[in-house]
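Good morning, everyone, and please have the sequence and the structure open while I talk.

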Amino acid sequence: MIGIIGGVLWKENNQAKPVAEDIPLVRVATVKPSSAAQSYAYSGEVRGRYESQLAFQVGGKIIKRYVELGSTVKAGDVLMQIDPRDVQQTVNSALAQVYAAESQLKLAESNLNRYRQLYAQNAISRAQLDQYQNAYDVAAAAVRQASAQYAQGANQLDYSLLYADKPGVIASISAEAGQVVSAGQTVLTIVQDGEREVEISVPENRLEELRKATQFTISFWALPHVKIDGKIREIAPMADQTTRTYKVRISLVNPPPEIKLGMTAAVTVANFNNQTTAAAIPLSSIYQTNDSPCVWVVTNNIVNLRPIQVGTFGDGQIQVLAGLNPGETIVTAGVHKLREGQKVRVAGGDSQ
(Lines give C-alpha, C1' and ligand atoms only; values in the text may rest on other atoms or scores of the structure.)
Protein backbone atom coordinates (compact mmCIF):
# COMPACT_ATOMS: atom_id res chain seq x y z
CA MET A 1 0.00 0.00 0.00
CA ILE A 2 1.27 3.45 -0.96
CA GLY A 3 -0.06 6.72 0.44
CA ILE A 4 0.87 10.24 1.50
CA ILE A 5 0.27 11.23 5.13
CA GLY A 6 1.48 14.60 6.43
CA GLY A 7 3.61 15.14 3.38
CA VAL A 8 5.48 11.83 3.90
CA LEU A 9 5.42 9.04 1.38
CA TRP A 10 4.33 5.71 2.89
CA LYS A 11 4.80 2.32 1.39
CA GLU A 12 3.33 -1.04 2.17
CA ASN A 13 6.17 -1.93 4.57
CA ASN A 14 5.26 1.17 6.68
CA GLN A 15 8.75 2.69 6.15
CA ALA A 16 8.64 6.50 5.48
CA LYS A 17 10.88 7.97 2.75
CA PRO A 18 11.08 11.75 1.99
CA VAL A 19 10.45 12.96 -1.58
CA ALA A 20 13.77 13.67 -3.37
CA GLU A 21 14.56 17.43 -3.76
CA ASP A 22 14.83 18.72 -7.36
CA ILE A 23 18.38 20.08 -7.72
CA PRO A 24 18.61 22.32 -10.82
CA LEU A 25 21.33 21.86 -13.39
CA VAL A 26 23.14 25.14 -14.20
CA ARG A 27 25.76 26.20 -16.72
CA VAL A 28 28.77 27.91 -15.21
CA ALA A 29 31.97 29.67 -16.19
CA THR A 30 35.22 30.41 -14.42
CA VAL A 31 36.34 34.00 -14.06
CA LYS A 32 39.80 34.54 -15.49
CA PRO A 33 42.02 37.64 -15.55
CA SER A 34 41.86 39.65 -18.74
CA SER A 35 44.65 41.76 -20.17
CA ALA A 36 42.55 43.07 -23.04
CA ALA A 37 42.14 46.82 -23.22
CA GLN A 38 38.72 48.42 -23.17
CA SER A 39 37.78 49.51 -26.66
CA TYR A 40 34.80 50.89 -28.52
CA ALA A 41 34.15 52.35 -31.97
CA TYR A 42 32.49 55.44 -33.44
CA SER A 43 31.43 56.05 -37.00
CA GLY A 44 32.49 59.28 -38.65
CA GLU A 45 33.24 61.11 -41.87
CA VAL A 46 36.48 62.26 -43.46
CA ARG A 47 36.65 66.05 -43.35
CA GLY A 48 39.23 68.71 -44.11
CA ARG A 49 41.31 70.38 -41.42
CA TYR A 50 40.33 73.83 -42.70
CA GLU A 51 36.89 74.49 -44.18
CA SER A 52 35.96 77.99 -45.36
CA GLN A 53 32.37 79.11 -45.89
CA LEU A 54 32.51 81.73 -48.64
CA ALA A 55 30.02 84.56 -49.19
CA PHE A 56 29.70 87.71 -51.30
CA GLN A 57 30.52 91.01 -49.61
CA VAL A 58 27.65 92.68 -51.46
CA GLY A 59 24.11 91.53 -52.16
CA GLY A 60 22.57 90.85 -55.55
CA LYS A 61 21.37 88.26 -58.03
CA ILE A 62 23.73 85.42 -58.95
CA ILE A 63 24.17 85.31 -62.72
CA LYS A 64 26.97 82.76 -63.09
CA ARG A 65 28.46 79.79 -61.25
CA TYR A 66 31.87 78.69 -62.52
CA VAL A 67 32.46 75.58 -60.35
CA GLU A 68 30.77 72.27 -59.60
CA LEU A 69 30.58 70.19 -56.45
CA GLY A 70 33.96 68.52 -55.99
CA SER A 71 35.80 70.91 -58.31
CA THR A 72 39.46 71.53 -57.51
CA VAL A 73 40.28 75.24 -57.43
CA LYS A 74 43.38 77.37 -57.03
CA ALA A 75 43.80 80.62 -55.17
CA GLY A 76 42.39 83.49 -57.25
CA ASP A 77 39.96 81.40 -59.29
CA VAL A 78 36.53 82.98 -59.86
CA LEU A 79 33.81 80.84 -58.28
CA MET A 80 30.58 82.86 -58.71
CA GLN A 81 29.39 86.22 -60.02
CA ILE A 82 26.45 88.42 -59.11
CA ASP A 83 24.79 90.98 -61.39
CA PRO A 84 27.09 94.06 -61.30
CA ARG A 85 24.76 96.54 -63.06
CA ASP A 86 23.44 98.29 -59.95
CA VAL A 87 26.92 98.45 -58.44
CA GLN A 88 28.27 99.80 -61.75
CA GLN A 89 25.77 102.65 -61.67
CA THR A 90 26.87 103.49 -58.14
CA VAL A 91 30.47 103.56 -59.31
CA ASN A 92 29.56 105.85 -62.25
CA SER A 93 27.76 108.23 -59.90
CA ALA A 94 30.75 108.32 -57.54
CA LEU A 95 33.08 109.01 -60.47
CA ALA A 96 30.92 111.95 -61.58
CA GLN A 97 31.07 113.38 -58.07
CA VAL A 98 34.86 113.14 -58.23
CA TYR A 99 34.93 115.17 -61.47
CA ALA A 100 32.57 117.79 -59.97
CA ALA A 101 34.68 118.08 -56.81
CA GLU A 102 37.88 118.45 -58.84
CA SER A 103 36.26 121.27 -60.88
CA GLN A 104 35.29 123.08 -57.69
CA LEU A 105 38.84 122.65 -56.44
CA LYS A 106 40.29 124.21 -59.60
CA LEU A 107 37.96 127.20 -59.27
CA ALA A 108 38.81 127.62 -55.61
CA GLU A 109 42.52 127.43 -56.42
CA SER A 110 42.24 130.11 -59.16
CA ASN A 111 40.33 132.45 -56.83
CA LEU A 112 42.87 131.91 -54.07
CA ASN A 113 45.84 132.75 -56.35
CA ARG A 114 44.08 135.88 -57.66
CA TYR A 115 43.30 137.20 -54.18
CA ARG A 116 46.79 136.47 -52.97
CA GLN A 117 48.08 138.89 -55.63
CA LEU A 118 45.52 141.50 -54.57
CA TYR A 119 46.52 141.05 -50.95
CA ALA A 120 50.19 141.50 -51.88
CA GLN A 121 49.19 144.84 -53.45
CA ASN A 122 47.25 145.81 -50.29
CA ALA A 123 44.05 145.86 -52.36
CA ILE A 124 42.13 143.55 -49.98
CA SER A 125 42.17 142.78 -46.31
CA ARG A 126 43.59 139.71 -44.64
CA ALA A 127 40.07 138.57 -43.72
CA GLN A 128 39.03 138.42 -47.37
CA LEU A 129 42.09 136.34 -48.25
CA ASP A 130 41.30 133.93 -45.40
CA GLN A 131 37.81 133.38 -46.79
CA TYR A 132 39.20 132.22 -50.13
CA GLN A 133 41.83 130.11 -48.41
CA ASN A 134 39.05 128.39 -46.46
CA ALA A 135 37.02 127.84 -49.67
CA TYR A 136 40.03 126.17 -51.24
CA ASP A 137 40.50 123.85 -48.22
CA VAL A 138 36.83 122.87 -48.35
CA ALA A 139 37.08 122.07 -52.07
CA ALA A 140 40.20 119.95 -51.49
CA ALA A 141 38.41 118.01 -48.74
CA ALA A 142 35.41 117.45 -51.06
CA VAL A 143 37.75 115.94 -53.65
CA ARG A 144 39.17 113.52 -51.09
CA GLN A 145 35.66 112.57 -49.95
CA ALA A 146 34.45 111.95 -53.49
CA SER A 147 37.58 109.94 -54.30
CA ALA A 148 37.04 107.75 -51.24
CA GLN A 149 33.42 107.09 -52.23
CA TYR A 150 34.54 106.21 -55.73
CA ALA A 151 37.18 103.79 -54.38
CA GLN A 152 34.55 102.16 -52.17
CA GLY A 153 32.23 101.74 -55.14
CA ALA A 154 35.04 100.27 -57.24
CA ASN A 155 35.73 97.75 -54.46
CA GLN A 156 32.06 96.77 -54.39
CA LEU A 157 32.17 96.27 -58.13
CA ASP A 158 35.08 93.88 -57.63
CA TYR A 159 33.12 92.18 -54.83
CA SER A 160 30.55 91.09 -57.44
CA LEU A 161 33.05 88.31 -58.23
CA LEU A 162 33.64 85.62 -55.61
CA TYR A 163 37.25 84.41 -55.58
CA ALA A 164 38.92 81.39 -53.96
CA ASP A 165 41.39 82.67 -51.39
CA LYS A 166 43.09 79.27 -50.92
CA PRO A 167 43.55 76.17 -53.08
CA GLY A 168 41.14 73.38 -52.24
CA VAL A 169 38.03 71.41 -53.17
CA ILE A 170 34.43 72.63 -53.35
CA ALA A 171 32.64 70.71 -50.61
CA SER A 172 29.14 72.21 -50.84
CA ILE A 173 27.13 74.68 -52.91
CA SER A 174 24.21 76.39 -51.21
CA ALA A 175 23.18 78.94 -53.88
CA GLU A 176 22.49 78.73 -57.60
CA ALA A 177 22.35 81.08 -60.57
CA GLY A 178 19.21 83.21 -60.48
CA GLN A 179 19.06 83.31 -56.70
CA VAL A 180 19.19 86.66 -54.89
CA VAL A 181 21.58 86.59 -51.97
CA SER A 182 22.45 89.07 -49.28
CA ALA A 183 25.90 90.19 -48.22
CA GLY A 184 27.48 87.61 -45.93
CA GLN A 185 25.15 84.75 -46.92
CA THR A 186 27.12 81.50 -47.37
CA VAL A 187 27.03 80.29 -50.97
CA LEU A 188 30.02 77.90 -51.13
CA THR A 189 32.12 75.80 -48.78
CA ILE A 190 35.69 75.08 -49.79
CA VAL A 191 37.93 72.53 -48.07
CA GLN A 192 41.50 73.70 -48.22
CA ASP A 193 44.29 71.41 -49.36
CA GLY A 194 46.31 69.90 -46.56
CA GLU A 195 45.44 67.89 -43.46
CA ARG A 196 42.59 65.39 -43.36
CA GLU A 197 40.70 64.31 -40.26
CA VAL A 198 37.65 62.34 -39.16
CA GLU A 199 34.72 63.95 -37.37
CA ILE A 200 32.81 61.76 -34.88
CA SER A 201 29.97 62.41 -32.44
CA VAL A 202 30.56 61.35 -28.83
CA PRO A 203 27.96 61.21 -26.01
CA GLU A 204 28.75 63.21 -22.91
CA ASN A 205 29.31 60.14 -20.71
CA ARG A 206 32.19 59.04 -22.96
CA LEU A 207 34.16 62.27 -23.12
CA GLU A 208 36.39 61.54 -20.13
CA GLU A 209 37.22 58.05 -21.44
CA LEU A 210 37.99 59.58 -24.82
CA ARG A 211 40.43 62.08 -23.30
CA LYS A 212 42.24 59.26 -21.50
CA ALA A 213 42.37 56.98 -24.54
CA THR A 214 45.85 55.97 -25.63
CA GLN A 215 45.23 54.66 -29.14
CA PHE A 216 42.95 55.58 -32.05
CA THR A 217 42.72 53.32 -35.09
CA ILE A 218 40.79 54.50 -38.14
CA SER A 219 39.41 52.14 -40.77
CA PHE A 220 37.41 52.98 -43.89
CA TRP A 221 34.35 51.27 -45.33
CA ALA A 222 35.50 51.86 -48.93
CA LEU A 223 39.12 50.88 -48.17
CA PRO A 224 39.00 47.71 -46.05
CA HIS A 225 42.76 47.17 -46.36
CA VAL A 226 43.63 50.61 -44.96
CA LYS A 227 44.03 51.18 -41.21
CA ILE A 228 45.86 54.22 -39.88
CA ASP A 229 46.51 55.83 -36.52
CA GLY A 230 44.91 59.05 -35.33
CA LYS A 231 45.01 61.53 -32.49
CA ILE A 232 42.50 63.92 -30.97
CA ARG A 233 42.82 67.44 -32.33
CA GLU A 234 39.68 69.09 -31.04
CA ILE A 235 36.69 68.40 -28.78
CA ALA A 236 33.73 70.74 -29.17
CA PRO A 237 33.10 72.80 -26.00
CA MET A 238 29.32 72.52 -26.39
CA ALA A 239 26.97 69.70 -27.34
CA ASP A 240 24.97 69.77 -30.56
CA GLN A 241 21.50 71.17 -29.89
CA THR A 242 19.78 68.39 -31.85
CA THR A 243 21.78 65.23 -31.10
CA ARG A 244 23.17 66.33 -27.69
CA THR A 245 26.52 64.84 -28.64
CA TYR A 246 29.93 66.48 -28.84
CA LYS A 247 31.78 66.85 -32.14
CA VAL A 248 35.31 65.44 -31.95
CA ARG A 249 37.95 65.84 -34.67
CA ILE A 250 40.52 63.03 -35.03
CA SER A 251 43.61 63.95 -37.06
CA LEU A 252 44.89 61.28 -39.44
CA VAL A 253 48.56 60.39 -39.09
CA ASN A 254 50.21 60.00 -42.51
CA PRO A 255 47.01 59.30 -44.48
CA PRO A 256 47.43 57.63 -47.89
CA PRO A 257 46.31 59.60 -50.98
CA GLU A 258 43.36 57.28 -51.69
CA ILE A 259 41.51 58.66 -48.66
CA LYS A 260 38.98 61.14 -50.04
CA LEU A 261 36.73 63.73 -48.47
CA GLY A 262 33.36 62.44 -47.34
CA MET A 263 34.42 58.80 -46.93
CA THR A 264 32.80 56.81 -44.13
CA ALA A 265 35.26 55.94 -41.37
CA ALA A 266 35.20 53.94 -38.13
CA VAL A 267 37.31 55.20 -35.22
CA THR A 268 38.26 52.44 -32.75
CA VAL A 269 39.29 53.81 -29.36
CA ALA A 270 41.42 51.72 -26.99
CA ASN A 271 42.48 52.59 -23.46
CA PHE A 272 45.39 50.51 -22.21
CA ASN A 273 45.66 52.58 -19.03
CA ASN A 274 42.24 51.55 -17.76
CA GLN A 275 42.61 47.81 -17.44
CA THR A 276 40.85 45.58 -14.91
CA THR A 277 41.72 42.17 -13.46
CA ALA A 278 38.21 40.81 -13.99
CA ALA A 279 37.13 39.37 -17.30
CA ALA A 280 34.20 40.25 -19.44
CA ILE A 281 31.35 37.87 -18.56
CA PRO A 282 28.25 36.96 -20.57
CA LEU A 283 25.27 39.31 -20.28
CA SER A 284 23.19 36.25 -19.40
CA SER A 285 25.10 36.05 -16.09
CA ILE A 286 23.64 39.30 -14.80
CA TYR A 287 20.80 39.11 -12.26
CA GLN A 288 19.36 42.59 -11.71
CA THR A 289 18.00 43.49 -8.27
CA ASN A 290 16.60 47.01 -8.20
CA ASP A 291 19.42 49.14 -9.62
CA SER A 292 22.26 46.80 -8.63
CA PRO A 293 23.66 44.20 -11.06
CA CYS A 294 24.54 40.88 -9.40
CA VAL A 295 25.81 37.41 -10.33
CA TRP A 296 25.34 33.98 -8.79
CA VAL A 297 28.66 32.68 -7.43
CA VAL A 298 28.90 28.89 -7.04
CA THR A 299 30.81 27.58 -4.01
CA ASN A 300 30.67 23.87 -3.15
CA ASN A 301 27.61 23.53 -5.39
CA ILE A 302 25.81 26.27 -3.42
CA VAL A 303 24.85 29.56 -5.12
CA ASN A 304 25.16 32.95 -3.47
CA LEU A 305 24.11 36.28 -4.97
CA ARG A 306 26.87 38.86 -5.14
CA PRO A 307 26.64 42.50 -6.32
CA ILE A 308 29.22 43.64 -8.89
CA GLN A 309 30.33 46.84 -10.57
CA VAL A 310 30.11 46.73 -14.35
CA GLY A 311 31.71 48.74 -17.16
CA THR A 312 31.13 48.74 -20.88
CA PHE A 313 29.29 46.01 -22.75
CA GLY A 314 29.04 44.76 -26.31
CA ASP A 315 28.87 41.57 -28.40
CA GLY A 316 26.95 39.80 -25.63
CA GLN A 317 29.66 40.51 -23.04
CA ILE A 318 29.86 42.95 -20.15
CA GLN A 319 32.98 44.10 -18.35
CA VAL A 320 33.25 43.57 -14.58
CA LEU A 321 35.15 46.31 -12.76
CA ALA A 322 34.73 45.07 -9.18
CA GLY A 323 33.05 42.32 -7.18
CA LEU A 324 34.58 39.19 -8.74
CA ASN A 325 37.95 37.52 -8.30
CA PRO A 326 39.81 35.37 -10.81
CA GLY A 327 39.10 31.67 -10.35
CA GLU A 328 35.57 32.08 -9.04
CA THR A 329 32.73 30.20 -10.70
CA ILE A 330 29.57 32.01 -11.79
CA VAL A 331 26.26 30.87 -13.25
CA THR A 332 25.85 31.87 -16.89
CA ALA A 333 22.34 30.58 -17.67
CA GLY A 334 19.05 30.33 -15.78
CA VAL A 335 19.95 32.99 -13.22
CA HIS A 336 16.32 34.02 -12.66
CA LYS A 337 15.32 30.55 -11.47
CA LEU A 338 17.75 30.40 -8.54
CA ARG A 339 17.44 31.43 -4.91
CA GLU A 340 19.98 32.32 -2.23
CA GLY A 341 21.76 29.28 -0.74
CA GLN A 342 20.23 26.85 -3.22
CA LYS A 343 22.11 23.67 -4.07
CA VAL A 344 22.80 23.19 -7.78
CA ARG A 345 24.31 20.71 -10.16
CA VAL A 346 27.09 22.09 -12.31
CA ALA A 347 27.22 21.50 -16.04
CA GLY A 348 30.04 22.44 -18.40
CA GLY A 349 30.37 25.99 -19.69
CA ASP A 350 32.61 28.25 -21.67
CA SER A 351 35.31 29.69 -19.47
CA GLN A 352 35.71 33.43 -19.55
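Predicted model: local features only at pLDDT ≥ 70, side-chain atom pairs only at ≥ 80, totals over all residues.

Strand 15, residues 215–220, and strand 16 run antiparallel and are joined by 4 bridges, and two strands are said to pair if DSSP finds at least two bridges between them. Together strand 15 and strand 16 form a hairpin, with 6 residues between them. In a regular strand the side chains alternate between the two faces of the sheet. In strand 15 the covered face holds Phe-216, Ile-218 and Phe-220, whereas the uncovered face holds Gln-215, Thr-217 and Ser-219.

Next come the salt bridges, each being a side-chain nitrogen of Lys or Arg within 4 Å of a carboxyl oxygen of Asp or Glu. A search of the whole structure finds 13 of these salt bridges. In one of them, the side chains of Arg-47 and Glu-199 meet at 3.1 Å, N to O. Arg-47 lies in strand 5 (residues 38–48) and Glu-199 in strand 14 (residues 196–202), so this pair ties together parts that are 152 residues apart in sequence. For accessibility, buried means under 20% relative accessible area, exposed means over 50%, and partly exposed is in between, using a 1.4 Å probe and protein chains only. Arg-47 is partly exposed at 22%, while Glu-199 is buried at 18%.

Strand 14 also holds Glu-197, whose salt bridge with Arg-233 in strand 16 (residues 227–235) links parts of the chain 36 residues apart, with the closest N and O atoms 2.8 Å apart. Glu-197 is buried, with a relative accessible area of 0%, whereas Arg-233 is partly exposed at 28%. Salt bridges that share partners join Arg-47, Glu-51, Glu-197, Glu-199, Arg-233, Glu-234 and Arg-249 into one network.

Finally, the aromatic rings. A pair of aromatic rings is described by the distance of the centres and the angle of the planes. Rings of Phe, Tyr and Trp (its six-membered ring) pair if their centres lie within 6.5 Å, and planes under 30 degrees apart count as stacked, over 60 as edge-to-face and the rest as tilted. The whole structure has 2 aromatic pairs. Tyr-115 and Tyr-132 are stacked, at 3.9 Å centre to centre and 15° between the planes. Tyr-115 lies in helix 1 (residues 85–120) and Tyr-132 in helix 2 (residues 126–158), so the pair ties together parts that are 17 residues apart in sequence. Tyr-132 counts as partly exposed, at 25% relative accessibility. The ring centres of Tyr-287 and Trp-296 are 5.7 Å apart and their planes are at 50°, so that pair is tilted; both Tyr-287 and Trp-296 are buried.

Note on methods
Residues numbered from 1 in each chain as written. Heavy atoms only, no water. Helix = DSSP H or I, 4+ residues; strand = E, 2+ residues; numbered from the N terminus.
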